[in-house]
Structure formats: C-alpha cells, structure tokens
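Please consider the sequence and the three-dimensional structure shown here. The explanation below is intended to be read beside them.

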Amino acid sequence: MQAPVQKPLLSVQGLVKHFPLKKDVLGRGGGVVRAVDDVNFQVLPGETLGVVGESGCGKSTTARLLMQLIEPTAGEVLFDGAKVGSRDLPLKEYRRQVQMVFQDSYASLNPRLTIEDSIAFGPQVHGVSGGVAVARARSLLAKVGLEPTRFAGRYPHELSGGQRQRVNIARALALQPRIVILDEAVSALDKSVEAQVLNLLLDLKDEFGLTYVFISHDLHVVRFISDRVMVMYLGEVAEVGAAETLFETPRHPYTKALLSSMPSMDPDRRTLVAPLAGDPPNPINPPGGCRFHPRCPKAEAVCGQVVPSRKALALPGVTQGVACLIHEPGSGHTLAALPTAQEAA
Amino acid sequence: MNTATATLPVEKPAKSRGYWGNVGARVVRDPVFWVAASVVLALLAMALFGPWIAPADPQASSMLSRLKPIGTDGYPLGSDELGRDMLSRLIVGARLSLFMGITPVILAFCIGSAIGILAGYAGGFTNTAIMRTIDVFYAFPSVLLAIALSGALGAGIGNALLSLTIVFIPPIARVAESVTTQVRNRDYVEAARASGANAFTIVRVHVLGNVLGPIFVYATSLIAVSMILASGLSFLGLGVKPPEPEWGLMLNTLRTAIYVQPWVAALPGAMIFITSIAFNLLSDSLRAAMDNK
C-alpha cells in the first residue's frame, strides 16, 4: 500500500484451530469449536500490532498458536521468512526469538522458584551457564524497575500483581527475543499500575528494538500502544488498519460497534444505545456468509450467503483492510460500490 | 513478612524463607504436630535402640510365668503365652513393625510417583493407557490383594514387603497423576514450554517441586494402613514368622489368651493403634500447613 513495502517479521498464513468436541457413547455430537478460522496477518519488524475483540473471539488461541503451545489444525507461521518447525528454524530456536507474557501474573510464575531463578531458567535452557543467566536475570530486574538486591531472592507470593507482571516481562526478555506476544498482559492490573507497565513496555521496546503483538480487550490501551490494530470476531479477522485510521474512521460495522462501546471522556459523545445486542454466536456452529451478519445493523440477505474477501487483510503493513461486503465493490450489498470496469471484465 | 520490608526498606539482599520455610513456620505452631511428632520420634527410638532399651530378652520364655497380668513383678506389662516379657517384646517389635509399615510406602512412593508424574505430564493416550491399567488393581480390595499376592509369592518378610508395595503403587500413582495434571496446565509450565525447554527439564525444574509435597503427605497417611496390613499378613502367618517379635504376629498368637488376660492380649493392638494415629495426625498437620498460601 502507501507504506514502503517491508519484509514482515512474522507472517501468519491461513491459521486454523478447531477444538474437537467429545462424542457421546452413540457417536453423536463430535463437532468442532472453530476457535480460529483462517486467520492471516503480518507483523512488521519494530511495530506493535494490537489485537482486539470480544471474549471468545480467538485472541488468546491465536497467541497460543503463534507461540506453538498448541498445534494448529491448518496453516503456518513464518518467522523472518522461515517456516516455524522446519529445518531452517527449529521450534527451540523460534521460541528463543519469540516470547510471551501471560495474563495471570501469579499463575505464570513457579511458586517454588525465586524470581531470579524463574527469569534465569530460559537462558539456561538455551545453554547459558547458571552464573551468567542469574547475572542477566538481575540486570533485567533492574531494567523492569525491581531493585535486584531487594527482589531477586523473593518468591512470587511476596510480590504485588504489578511487580509480578514486571518479573514476567523480564523473564520474556531474558531470552533476548525479537517478538514479544503480550496476551492481556496488563488487563489484570489496576489502572495506575497498568499505566506504569505500559510505559515500561514502550521503554523496553525502544531499548531492545522489540516487536510486540499486543492482545487486549481494552480498546483505550490498544489505541495507546499500537501502531496497527487487528479486530477479530468469532475466530476471524474483521478489519486491520493503522491505529489512528482504524479508531477515527472504522469501516467494518463490527469495529464501529466495538468502538462506540468505548466509554467516552467527552459528555457530548456519550453512548446512548447499546451498540451491540446479545452475545456472539456459538463458534461450534457459526453463521454462514459473514459471521457478523446476525448482529450487524447493516446486514442484508447477501451477507448470509457470501463470505467477504479477506485478501486485503493479509498484505504486509496494510493500513486499512476490511472483510465486509459493503466495502467490496460489486458484492451485491446495496451499500457497496458497483464493480469497477476492470473488475467487471 | 511483606509489611516488614515495606515499612522498613532493608538494603541487604532479602533471601526470604520460601515455601517450605513457611510450611515449617506454620507446622511448629500446631500443637497436634508436636504430639504426633514426639510419639513418632519415640517409636523410631524404640525401633533403633530396642534391644538396648528392652529390660529383658524378648525371646527368653519361661513355662512357669505364662500370661502374667500387667504389673507383675519383673513383667511390667505382663507376659505372653510362652512367658516372654511383653514390654521387651513390644519395644523390640517396633523395629520390624515400623520397617514393615514404612518400607513398602517408601518404595511405592518412588515407583508410584514416577508412574503418576509420567502419566500426568504426558496426558492423552499415554495417560489413559497407564491409568486404566492402574485401575485394574482397584478391582480388588487392598487387604485381599495383599493377602492374595503374598499368598501366591509365599510367606516371608521380603514377599510381604513386595506385595504391600504393589498394593500401594496404584493409589500413590493416582494422586501423583491428578496433581501433575493440575500443575501441567498452569501458566508457568506453559511459559517454560514457550522458553523451549524439553519435557524432562520442565518436569525436573517446574513440576517435581510442585507435586512431590502433596504426594508425600498422602504417602505419609498410607504408613498407618501399611502397618495394619503388614500386621494382618503376619497375623495370617504370611509375613513375619515366630518367634520374631512383631506386633501383628503377637496379636495373632495372643488372641487365644483373650479370655485369660484380655489387657495383655490387647497391648500389641494398642501399639498398632497408637502408631497409625500418630502417623495420620502427622500427615494431617503437614497437609494443613501446606494447604494455605
């Protein structure tokens, strides 16, 4: 598009994860939960890609798939052009380059290890000697704002939530990764601590030249930290765009609804009607066509039959791509533009 | 601990006492722990130093002083059906009885934990295969299984130990499996996987420390059961053979005298009772101390 074409650092192609449901004794049931369905996106080096969506839309599953903690049903992840798990990029090496920070700061630290041992564990797995790993852990503790002489020997239950999340960030950085996936990393923190940790993340990004995939349901936070934002709905990508563009001029009806649900600081712009009614449909049996059409205020008959094209979403550095028939010329939706001459031909 | 460091900023590296330090601090405040621990210590002392503590030779019989009541001169706790000093036999018998109670549990703890942790960490088909095989042992009541196994293997201490070990592997493996399955799904194990560590390293660093505690406490509670089962085997003539002093066996041989000297005949049973209660209370207070964070 307009942005200079950069080689993506992380490229996700046709990622699918279906969780099978248990069959009963008679062999009934046995459907699948379509947690993530044909997700394509690119992460450019040095950018922060925000991922937003309602709970259950597949954000966290996507994070776990990116980290290869669960096996994808289909699709692949390319890192720096190499397929993850191939001979060029063994899983262990990939996991040194890509790290993750989990939402639950307490559950993600081993209660039996001191925090410096927790941080030093990763480097030791990758062949760094114990002494060097502990020294690195201490310097990272200092980097994330925890005085090593006071905190290094403590156990997780002796820290506050914000301090623990700093430890988790330090642990992710201990492997000197290039990408950090932050899965709701600040969502469990209270607002003042959340702001501190966000600023810390921005500082660390500059210092270590990191790339972030920032997953959150908090739109304000995503807008603050992201360069580009990806909106997910029911396991699919609805819209991708540069953060400012997407927040100022959303194009997908779901993005519009999601943004209008943001509490506004401006009393003249307060939300009066609930933007979306009901819960998202069941991902076991998602609606046909566009998955958003049962809740979409602009849905027409065609929306239940035609799946919107997702071609535009997967381009590297795409500044505004949307999967909606309204924005697809010649789709048959009354609000869509007529097909241009060359497309009709 | 937190409040102390918050109000008084200390400069020196504060190495805190950690999880086991906290468990220790809680357990010493529990009076039940002290009672149970001192009984267990006394029993262990009897087991270790029995032959030196015992006032008389536990094997020396005397046809003239059979079945003396408690408090007889020279026989503080009476004498048995062959005129042997009950006090000495009870003291010396502690060694074999405790040995028969504790050894199978230690063996089963090692083997059962290994099986359970393997099944729990592997999950999926491996888990199902291992745990359903283990379940087969549950089809038999534990007493029956112990009797059947030692009956089939033949009488003797070694075979009794072996059969008791086999009896205790399934319950320990099951506990180990369920604790490991819980720990395996914690985020810190995910994080360890995400750092590229292999399964063996993850189990060694992140799983063992978090599962061995609960398994150990459960195993402690089995010591009492093991003692009773071992006594039962001896009682049936499948474990320790006479004239070796062992509480279960003593209970067996004295049962014919129950109408003549009921109090003397009940003494070995009382020892078994006290020992199992002490081990049970000990494991209970350990579990209570480990429960709260």
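This is a predicted model: local features need pLDDT of at least 70, side-chain atom pairs count only at pLDDT 80 or more; totals for chains, interfaces and linings use all residues.

Residues are numbered from 1 along each chain as its sequence is written, and chains are lettered from A and ligands numbered from 1 in the order in which they are written.

Chain B contains 11 helices and 0 strands; helices (H or I, at least four residues) and strands (E, at least two) are DSSP runs, numbered from the N terminus. Its C-alpha atoms occupy a box of roughly 75 × 55 × 25 Å along the principal axes. Of the 293 residues in chain B, 42% are buried. A residue is called buried if 20 or more other C-beta atoms lie within 10 Å of its own, exposed if 12 or fewer, and partly exposed in between, with C-beta atoms placed from the backbone. Among the contacts in chain B with a separation of 6 or more, 70% join residues 24 or more positions apart; two residues are in contact if their C-beta atoms, placed from the backbone, lie within 7 Å.

Within chain B, helix α4 (residues 86-122) packs against helix α5 (residues 124-138) at an angle of about 145 degrees, and their axes are 7 Å apart. Axes are lines fitted to C-alpha atoms, for helices over the stretch in contact, and angles run from 0 to 180 degrees between N-to-C directions. The α4(B) side of this contact includes Ile115(B) and Leu118(B), and the α5(B) side includes Ile130(B) and Met131(B). The residues of the contact comprise 6 nonpolar, 4 polar and no charged. Here Ala, Val, Leu, Ile, Met, Phe, Trp, Tyr, Cys and Pro count as nonpolar, Asp, Glu, Lys and Arg as charged, and the others, Gly among them, as polar.

Chain A has an open sheet of 7 strands in the order β6-β7-β8-β3-β9-β10-β11, with mixed pairing. Because β6 and β11 (320-322) of chain A stand at the edges with a single partner strand each, one side of each has no neighbour in the sheet. The twist from one strand to the next averages 15 degrees. Helix α6(A) packs on the sheet, where it touches β6 and β7 (179-183) of chain A, and its direction makes about 170 degrees with that of β6(A).

Helix α6 of chain A spans residues 161-173 and holds Arg164(A). Arg164(A) counts as buried because it has 23 C-beta neighbours inside 10 Å. Leaving aside residues up to four places away in sequence, Arg164(A) touches Ser105(A), Tyr106(A), Leu109(A), Pro156(A) and Leu159(A).

Helix α3(A) is largely enclosed by the rest of the structure, because 10 of its 11 residues are buried. Their cover includes α4 (130-143), α5 and α6 of chain A, together with α8 (187-194) and α9 (199-235) of chain B.

The contact between the chains takes 29 residues from chain A and 26 residues from chain B. On the side of chain A, α2 (91-97), β6 (98-101), α3 (115-125) and α5 (148-151) each supply at least two residues. That side divides into 12 nonpolar, 8 polar and 9 charged residues.

Notes
Two strands pair if DSSP finds at least two bridges between them.
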